Amino acid sequence: MISCESTSVDDTAGIAAAVAELVIDGDLLALVGGLGAGKTAFAREFAGALGVTQRVTSPTFTLANRYEGRLVVNHLDVYRMEGAGESRDLGIDELLDDGVTLIEWADVIMAALPEARLDISFGFGDGDDDRIIRLKPHGTAWEGRSVALADALRRWSRVESEGPPC
Amino acid sequence: MSRRILGIETSCDETAAAVVEDGQKVLSSVVSSQVEIHGRFGGVVPEVASRAHVEAVLPVVGEALAVAEMEGPDLDAIAVTHGPGLIGALLVGVSAAKALSLAWDVPLLGVNHLEAHLYAAFLEEPDLEMPLVVLLVSGGHTMLIVMDGHLQYRVLGSTLDDAAGEAFDKVARHVGLGYPGGPIIDRLAAQGNRDAIRFPRAMMADGWDFSFSGVKTSVVNHMRHHPDTPVEDLAASFQEAVADVLVTKARRAAAEVGARGICLAGGVAANSRLRERLREGCAADGLRSFLPSREMCTDNAAMVAAVAWHRLAADGPSRLDLGAFPSLPMPDE
């Protein structure tokens, strides 16, 4: 697990851009964190780093937005879902065929997600603008990239003293 | 000859049908709400919404026709919301409208939900003067629109992140108030001090776009540091920050385009403090304020049938392969 510290939107943008450099078609990013923790802000910066020029807004209302940049970016929000059973209706398997998929509030449907994914959790730090962003690659899809990911995030990474696992 | 149009609306959590004559005279308007169902989950649950629409849509259409004392084949058109909204929910209305169109041999017309919200105002106030600034605020959208004439719009700005109504729902859920957040916060705010907490007014002075993600995060941070804040004060202060931004920008837009008045549309237009602030602001600026009734602010099918009368005359009917579009944009010049 890689633990990063962000003290501003610029830091979050840097972290998002570093991740965006390494993603490939078919990747799934599972975003987890409370209200206002920065999931949508991360998604916006991530899509921007992939060359998306459209406005990236909260997908809470429409559930799924699709953007086209250097790669297709699928931006999902399962905040209002009941649980894993409902996620079938999102057609995640079909989405994964095309582009990179980010799912906000992914913990709601974690049981239904494929094992190969990058989990990204957002927590509050001490100051109002401080965020702790933890990244944990899963599955063979990320095996070859986890060292590169840790390198790319070195600038923001911190030694985890305590706290819950990702 | 008068034209009577059946409107069908299933874009989110209301199943609605209405018959409107000549875009103006509401012969019937029936709304079956799912609020009680979704209240248990703290928000609209998409799959539950679709199932509830399937069960409600035909009885609601039957009721709208019965109240209007009409038979289906006597209709001049069937108009249905085909976006934006939840895809599963939209498809229920669109499929029902297609089947009825085919069975009754009545023309079909797909309607934009956002445009329909603008026409809710004209049902109650047919002589609204243009140019008109419309503040469209709902759970899914926050837009500042200039209406230069019928079916002629310029979208000045919209939200960069969360919709205003989404911020109400999320704040309410975060502090454990339940769903829907808007009416609950409105009610609590009436007993609170709106100056208790100074929440940020993002982008109030610049441009035409909005941002409500920051005020949501400020509420979260405030509750972390001051968990004992009376919920009434929190509600009143949060609501004030949102209303302040919305009304300030709408007044500035009206001055900029030389509008005759400002009109509210969408579910958040039912918020009593927003209505009060807009009424006061327009009075101060010598503008007409138009505040549709609460029934017309929230999702209904009369507005769908009303805009359809204008659209049908301008564009003609849709084909039977009409699709549903969750991200259908507001028509813009």
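User: What share of the 333 residues in chain B is buried?

Analyst: Buried means under 20% relative accessible area, with a 1.4 Å probe and protein chains only. In chain B, buried residues make up 60% of the 333. This is a predicted model: local features need pLDDT of at least 70, side-chain atom pairs count only at pLDDT 80 or more, and totals for chains, interfaces and linings use all residues. Residues are numbered from 1 along each chain as its sequence is written, chains are lettered from A and ligands numbered from 1 in the order written, and side-chain values use heavy atoms, without hydrogens and water.

User: How is the size of an interface given?

Analyst: Often as the accessible area lost when the parts come together. Here the sum is over both parts, with a 1.4 Å probe. Between chain B and chain A, about 2300 Å² is buried. Carbon and sulfur atoms give 55% of that area.

User: How many residues of each chain are in contact?

Analyst: Contact means heavy atoms within 4.5 Å. Chain B brings 31 residues, and chain A brings 25.

User: How many salt bridges are there between chain B and chain A?

Analyst: A salt bridge puts a side-chain nitrogen of Lys or Arg within 4 Å of a carboxyl oxygen of Asp or Glu. The count is 2. One joins A:D128 and B:R224, with the closest N and O atoms 3.9 Å apart.

User: Which elements of chain B give two or more residues to the side that touches chain A?

Analyst: Helices are DSSP runs of H or I, at least four residues, numbered from the N terminus. The elements are α2 (46-67), α5 (164-174) and α7 (213-225) of chain B. α7(B) gives the most, with 6 residues.

Technical notes:
Buried area = accessible area lost by both parts, 1.4 Å probe. Buried < 20%, exposed > 50% of the residue type's maximum accessible area, 1.4 Å probe, protein only.
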